Each structure stands twice: as C-alpha cells, then as structure tokens.
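Have the structure open as you read.

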Amino acid sequence: MTKSRISRDSLLDNVRRVVVKVGSAVLATRDGLNGTAINRLADQLATLSDRGLDVVLVSSGAVAAGRQRIFERTRKKHRNGKDMVSRQAASAVGQGRLMHDYDEAFARHGKVTAQVLLTRNGLKLRDRFLNARNTLERLLEWGVIPIINENDTVSTRELEFGDNDTLAAMCLGLIGADLFVNLTSADGVFDRNPDGNPDARPIPLIEDIAALDLETMCDGKTNVGTGGMYSKLRAARRAAQLGVPTLIASGKGAFDIPASLDGGDTGTLILPDDRVVSSKKFWLAYRDDPCGAILVDGGAAKALLTKGTSLLPIGITGVEGCFGRGALIFIKTEDGDELGVGQTNYSADELTQIKGKRTDELAAIIGPTVSDEAVHRDNMLLDAAI
C-alpha cells in the first residue's frame, strides 16, 4: 500500500467535524447561481451529516446571486459592477436568495440550515470570537448545518477577509474542525498553473506545504471567484499549522465528498504539520492584517527560531509603521526576511525609544513599563502564512 493511500486512510477515517468551503467558481456561472451545483452539494453534505459528522459550510455566491436577481427584475446592465459598493449592494440582494436555495436543497433531506454572517472585525475581539464559537457549537449540537459567509454589506475593506478561503481557515479554529475540504473549479493542486501550462502535473499529496513556493506555483486567479489557488493553498498552510488536513478538489462534475472520506483518490490532500499551534495563537496571528514591523538583529532572530524565546527590546534594531500597544505586527530580520507575527506590548513610538536597550534601562526611558518583553512568546507565531 502506498504512503499516500495510508495517509489518506489514517487521516480521513477519523474525521468527526468538517469545514467545507465552496467558491463562486463552483456555485455560479456568468448568468448567476447554478441550482444543480447547490443541490449536488447539499446531497453530499446531508450524507455526511447522516453519518454523524458535524458539518459547517462556508459558501460564496451571494454577489453572483444578487447580480442575477437584479438583472432578472430590472435588466440593468450595471449589475456586473466590480467596485466595492456595487459588490456590497449585490450581496445584500443575493444573500437571501442564496440561503433560500440552500434551505430548499437541504430540506429535501430533512436538514435545517442556519445563516451565519461574519466580519473580520467580529472575530478580532476575543470575546466576540468566543461568542461566535458558542453559537456555532449550539447549532451543531442541535444537528443544524451552519452556512457561513462574510457579511459583505457592512465590511469596510474589499472585502474584509479578502476571500472566503481566509474566512474558512479562521472557522477551523473557531469550531475545532479536524478536516478542511476546499471545493474549487480545478481538479486539485498542480505543480504549475494548468491554465497556462498544459503539461502541468497534478499533485495528489502534499506532505510539507511550508516547503512549497506558493507564489511560483500559483500565477493566476479564477474568473468568477476572488481567491484563486494561491489563497486556497495559503488557507491550507494555515490549516496545517492548526493540525488540520486539507482536501482541495473539484466541486464540479462527479466529485463525491463522502467517497473521498472513504479513501478515494480525487483531489489533493495536504497533510498537517507535525508541530501544531494552539487555537489561541492561531486566532491571534490571523485575526487581522499586521500594521507594522519590528526589525531584530541576528542574535534575537536565532533565539526566536531555535530557543522559542520572547523578544526583548535589546534585540530590536528598528521599527516600521505607526501602531499602538496590542497591535499585530511583523517580526523581521534587518534584511527584511519575515520571521513571523506577534502582538506587541509597546507602541511604535515606545519601541523606537527602547530598541537596543536592556530591560533594566526601560523605566528610565519611558517610565513605568508594562512588560519586560516587546513581544511575549505566547503572543507570537513564527513562520506565519500571511
């Protein structure tokens, strides 16, 4: 028996809670939502639910559904506007339509669905994150299938999570999932972009995703969705850090999620890391975009990477950006290489004053200190997939 077969059987055989993400490239055509695709997906997820699995669906498609609805009713040519306001407005129209179609599709199997709209800001604060977790846990306890989407209408950046791959990765830690299934328009992951390279070869198993050069492998995006394969592999790398395997496969045609959980060979399975980060560290690193950077000398970089130490002011050589205490920032070498991200105990102005200083010198420079560490090791994630 091959190693890939053993890996698939051993990882997928014990799945109890799964996050399935489906993108617009699977659910929609140029004309709007594809009812056949929605029904096929509902059939498969209902089967998983009947097997006793907890299923959470992260679904795109609201914008496409909204544009379809607007055109049906008004025949307005501006329905395809790609600016943020137009997309938010289309999502406001389409979200109800999308949920209506899901409700009907799952009702054929006696399944109840719940709409859950999230924003990055809503998960940034720990108490809100935990409240969302509690709500989802209760829904799963009731046997409900939560359908999660970004709350596009109130998002303040385009769009806040950037794509639902990022949102789905956050949901893994949110609910404690043990498998991530990412359905796309491609038949898994290839060694090069198959759109421009007809001789590109499929990769059935990725054992160490951190070792891959994702930017070289992924030089394009799908026409309908916003993520492309790069964002899917970045989400898979984050999942691997959390100890969750990812299956990237086509959501079109005859793809069968239950068959894959029984040891099928479709798509690409990405194995989790041997060293797993805690859910809290995962949340801390990916809840927001870093808003600045701390530059460290070679000694500090070595200590962080090999000894798992906290970052002290004496190892800091420079500060980039303007940020306050508690901000998420990059930790970089003096050459600009990213070591990871962390939550700073000091503002950019304070760090500029105390960089290179010993701990016993800090109070004389900035007054009473909040901590000896600039970034505590418990609030730091090295090799973050940003």
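The second largest pocket in this predicted model has a volume of about 510 Å³. Its lining is made up of 21 residues. The points below go through that lining and then turn to the packing of α3 against α5.

**The second largest pocket**

- To find your way to the centre of the second largest pocket, look for R275, V277, L381, L382 and D383, the lining residues that lie nearest to it.
- Three elements each supply at least two residues of the lining: the helix α13 (298-307) and the strands β16 (338-343) and β17 (380-382).
- Of the elements, α13 provides the largest share of the lining, with 4 residues.
- Sorted by class, the lining holds 9 nonpolar, 8 charged and 4 polar residues.

**Helices α3 and α5**

- Helix α3 spans residues 35-50 and helix α5 spans residues 84-107; the two pack at an angle of about 50°, and their axes are 9 Å apart.
- An angle between 35 and 65 degrees falls in the oblique class, so α3 and α5 are oblique to each other.
- The crossing of α3 and α5 is right-handed.
- On the α3 side, the contact is made by I38, N39, L41, A42, L45 and A46, while α5 brings L98, D101, Y102, A105 and F106.
- By class, the residues of this contact between α3 and α5 comprise 9 nonpolar, 1 polar and 1 charged.

Note on methods: Residues numbered from 1 in each chain as written. Predicted model: local features only at pLDDT ≥ 70, side-chain atom pairs only at ≥ 80, totals over all residues. Heavy atoms only, no water. 1 Å grid on protein atoms, 1.4 Å probe; cavity = no way out; pocket = protein on both sides within 12 Å on 5 of 7 lines; lining within 4 Å. Points joined across faces, edges and corners; volume = space filled by probe spheres on them. Nonpolar A, V, L, I, M, F, W, Y, C, P; charged D, E, K, R; others polar. Axes fitted to C-alpha atoms, helices over the stretch in contact; angles between N-to-C directions. Parallel < 35°, antiparallel > 145°, perpendicular 65-115°, else oblique. Left-handed = near helix turned anticlockwise from the far one by under 90°. Contact = heavy atoms within 4.5 Å.
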